[in-house]
Amino acid sequence: MELSEFGTRFTSEAGILSLMDDLGRAMADNGGIAMMGGGNPGYIDELQTIFQRSLAEIVDDRDRFRALVGTYDPPEGNIRFIDNFASMLRRQYGWDVGPENICLTNGSQSAFFILFNLFAGTYGDGSCKSIRLPLAPEYIGYADLGLKDDFFISSKPRIEYLEDRLFKYRVDFDNLEVGSETGAICVSRPTNPTGNVITDDEVEKLLGICRNQKIPLILDNAYGVPFPGIIHTDARPMWDEAIVKCLSLSKLGLPAVRTGVIIARQEIIRAVASLNAIMTLAPGSLGAMLVDRLVESGELVALGRRIIKPFYRRKLEKAMACIHRELKGTPYRVHRPEGSMFLWLWFEDLPVTSLELYERLKKKGVLVVSGHYFFPGLHSEWRHTDECIRLTYSQNEADVERGISIIGQEIRELYGRI
Ligand SMILES: Cc1ncc(COP(=O)(O)O)c(C=O)c1O
């Protein structure tokens, strides 16, 4: 079949497609596999009960059920949710936002497709702009979103070595030159894959650059604040007119309802709504209606603090203890886990590439993700990109322990061979 340029671009070898395919197939082939590869949130019983009850209430109420399945929302998304959400942000954070600053999308992944292509690509004067990722490694899901080649430019981080075999990536502002070639800066906070939370100071500096260049700072808070709040540092929730904040209901435990929320200045919201209308007419209502009353009561943010964060914290502490035990004596390092549900392991001078390590681990029944996927837009050679793997600790704890123990054996074997 002959396809258009668009068709060819979006059907050939997208990293995220092959990764999701591979993970899915490995899961189907082998039920006993230790799944530490995907980004699925954990199942939290207490939350599932809350959402189940909320759905039952909607189903039992004829008018609400009709609104759920029988009415298109406007292209910005469910009006009641948006009103309540804006009030919540004003009340809880003092942000100067109204309903005109909020828009829903079918998952935040589609928000990034829209936002990135609004700000990067060819402009009316013939110039070309890119999305700047100031801190690689960065979320693999961005990598294939561009309608043009060379869509991203990313920057190597500064590496800070910490005690207890930890390290932290920092934005290398000395080498971050941002000029008219940049359409927007984007950073995930907490970062997928590393669990990094860029500091308030780093965000302020990036914001300063964006204000100077009159470009937006896109903050991907899929794991962060206001919800689900899987964040273990004192990061200050920030918003102003130069920021485009992207949130998602997914990591609350609702990845299948596909609901993303954008907070931005009005002209950006209008542009996103216009694309929503063209691509999907309107975003789905289910996510908005399921959590609407939690937003209205302010309980949504509290759930993060009371249930979600402690759930992941417990899992994190177990996984970290296991890593220190199983990898002791090897040259491993772990990125300081400050948020999200991932651990980022770095094996300096690893005798094989991280992709080969991934293959070896898969044969032994452990699924991780090779780190090389997470450097979209990094055009310089850097061995480090082949020395890291990402582990997810959101699923079954016994599997995580077993998986880490197998990683420990494999790493010992590999370094033993040098
Ligand atoms: C950092 C980050 N941003 C955005 C997304 C997209 O999430 P969703 O489309 O489910 O809202 C993910 C998914 O894992 C993510 O890890």
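The model is predicted: local features need pLDDT of at least 70, side-chain atom pairs count only at pLDDT 80 or more, and totals for chains, interfaces and linings use all residues. Residues are numbered from 1 along each chain as its sequence is written, and side-chain values use heavy atoms, with hydrogens and water left out.

Pockets come first. A pocket is an open set of points on a 1 Å grid over the protein atoms alone, where a 1.4 Å probe fits, with protein on both sides within 12 Å along at least five of seven lines; lining residues have an atom within 4 Å of a point. The largest pocket has a volume of about 730 Å³. (A volume is the space filled by probe spheres set on the points, which are joined across faces, edges and corners.) Its lining has 31 residues, and Met20, Gly39, Asn40, Tyr139 and Lys251 lie nearest the centre.

Which helix gives the largest share of that lining? Helix 2, with five residues. (Helices, H or I with at least four residues, and strands, E with at least two, are DSSP runs numbered from the N terminus.)

The second largest pocket has a volume of about 510 Å³. Ala143, Asp144, Phe152, Pro376 and Gly377 lie nearest its centre.

Now the salt bridges. The structure holds 26. (A salt bridge is a side-chain nitrogen of Lys or Arg within 4 Å of a carboxyl oxygen of Asp or Glu.) One joins Asp292 and Arg80, at 2.4 Å from N to O. Asp292 lies in helix 9 and Arg80 in helix 5, so this pair ties together parts 212 residues apart in sequence.

Is Asp292 buried or exposed? Asp292 is buried, at 4% relative accessible area. Arg80 is partly exposed, at 41%. (Buried means under 20%, exposed over 50%, partly exposed in between, with a 1.4 Å probe and protein chains only.)

Asp292 has another partner. Its side chain makes a polar contact of 3.0 Å with that of Asn84. (That is a pair of N or O atoms within 3.5 Å; within protein, one must be able to donate a hydrogen and the other to accept it, and residues adjacent in sequence count only if both atoms are side-chain atoms.) Asn84 is found in helix 5. Asn84 counts as buried because its relative accessibility is 14%.

One last pair. Arg170 and Glu160 meet in a salt bridge of 2.5 Å, N to O. Arg170 lies in strand 7 and Glu160 in strand 6, so the pair ties together parts ten residues apart in sequence.
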